[in-house]
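Reader: Hi! Could you walk me through this model?
Author: Happy to, here it comes.

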Amino acid sequence: MLFDPAAHELLAAEPWNAERVRAVARDVVADTDTAYDPAEGHWPLHPLDSGDDDDDWAGVSHGIYLGAAGTLLALDRLARAGVAESSIDLRAAATGLHDGYLRRCHVPDEPMPSLMIGEAGIQLAAEVIAPDPARHVALLEVVRANAGNETLELLYGAPGTMLVARALHRRTGEERWAAAWRESAEALLREWQFDDELGCHLWVQRFAGRVSPLLGAAHGFAGNVLALLDGLELLPTGERDDVVRRAARTTLATAVAAGGLANWPATAGGATLGEPGTRTQWCHGAPGMVSSLAALPADPELDAILAAGAELTWQAGPLAKGAGLCHGTAGNGFAFLALFSRTGDELWLTRARAFAMHALAQVEQERRRYGRGRFGLWTGDLGAVLYAAQCVAGDAAIPTLSAW
């Protein structure tokens, strides 16, 4: 067994119902609107997201991962999709968010330039909701300031801000954004070193006081490759081919496969899978590996290992932790949407929808348990609702990581 059964629960038998998706979305958006504090410019953190007052720092309350930037992006996306309309003035809230973030900065590492918990994500949220060329100079400076970040991962490091540069390049067509993307990509590629023991290329992350070759989507190899694939055409042809070749080889070399299933440890060459604590979620494990790497070109070996990772995600079942994107049922479901996009096989869309209905039930159960909603995008209700809404058409674009 390649996953920890205690981390999962049985899949609910509720059939797919697009109207139920819309109804839950409307309820969640209404609850989110009611909880918004316009004077503070953000939402209260959920008890599951905040251990104590020390966690209430500006990057958490205002950023994309748990904070207002992510919540506003989700509300905007649901409104644009015609799923649910917020009563909040999203443009005013988004344009005032960066100033509010700077006023609240009080820890030594702030302000920080990261995508998920820093200035780049906060400024990008404003740009998506209320485009304004006047903020581009400051945003470009933040992206470039993060090019040499030693974390070498998506949430804090250059891979995250590469997604920002690529988004602005698509929106404007301006070469300065392509140049900023290349600057970070070149720094990232320099650190992608061959590991003799595993026979593949790995990054070594320096994160939270630890030094380790992580593999997952949030803090490791898969998230870095996602950022490189997002702008692959901006690299010279030879470098593009090298990225694809290295990524495919590392994906295969680090997988642990058995019986048509596959999972990946959090750390390359790390702990035995299947033991208590094994993570099978977006941030670490097969679901995030599959959804991050499904854009790699078709190849029989790679196709098989990605399908095995998605099959393991299905057999493991929904996550008992809850409904969210980072380490919840919705995030795991994106592996199925990614395989549907890659293969066109309706089986994966059917499975994605089954996880969506389960995630919505988890949202409602948790709201009853705590008497309130969970407002952060990446761990909360809106992430699950967005995932379920995307299951209507089979859209595999993970919120905030693609399709800005």
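Reader: Where is Pro111 found?
Author: Pro111 is in the loop between helix H5 (97–104) and H6. Helices here are DSSP runs of H or I with at least four residues, strands are runs of E with at least two, and both are numbered from the N terminus. This is a predicted model, where local features need pLDDT of at least 70, side-chain atom pairs count only at pLDDT 80 or more, and totals for chains, interfaces and linings use all residues. Residues are numbered from 1 along each chain as its sequence is written, and side-chain values use heavy atoms, with hydrogens and water left out.

Reader: Thanks! What kind of peptide bond joins Glu110 and Pro111?
Author: A cis one, with omega about -10°. Most peptide bonds are trans.

Reader: On to helices. At roughly what angle do the axes of H3 and H6 cross?
Author: Roughly 20°, and the axes of H3 (residues 68–80) and H6 (residues 119–129) come within 9 Å. Axes are lines fitted to C-alpha atoms, for helices over the stretch in contact, and the angles run from 0 to 180 degrees between N-to-C directions.

Reader: How are H3 and H6 oriented to each other, then?
Author: They are roughly parallel, because angles under 35 degrees count as that, over 145 as roughly antiparallel, 65 to 115 as roughly perpendicular and the rest as oblique.

Reader: Which residues make the contact?
Author: From H3, Ala69, Leu72, Leu73, Asp76 and Arg80; from H6, Gly121, Ile122, Ala125, Val128 and Ile129. Contact means heavy atoms within 4.5 Å.

Reader: Is Leu152 buried or exposed?
Author: Leu152 is buried, with a relative accessible area of 8%. Buried means under 20% relative accessible area, exposed over 50% and partly exposed in between, using a 1.4 Å probe and protein chains only.

Reader: And what about phi of Thr400?
Author: Phi of Thr400 is near 75°, a positive value in a residue other than glycine. Thr400 sits in the segment after helix H16 (381–390) and counts as buried at 4% relative accessibility.

Reader: Last one: how many disulfides are there?
Author: The count is 0 disulfides, taking a disulfide as a pair of cysteine sulfur atoms within 2.5 Å. Cys326 is in none, and the nearest cysteine sulfur, that of Cys283, is 3.9 Å away. Cys326 is also buried, at a relative accessible area of 5%.
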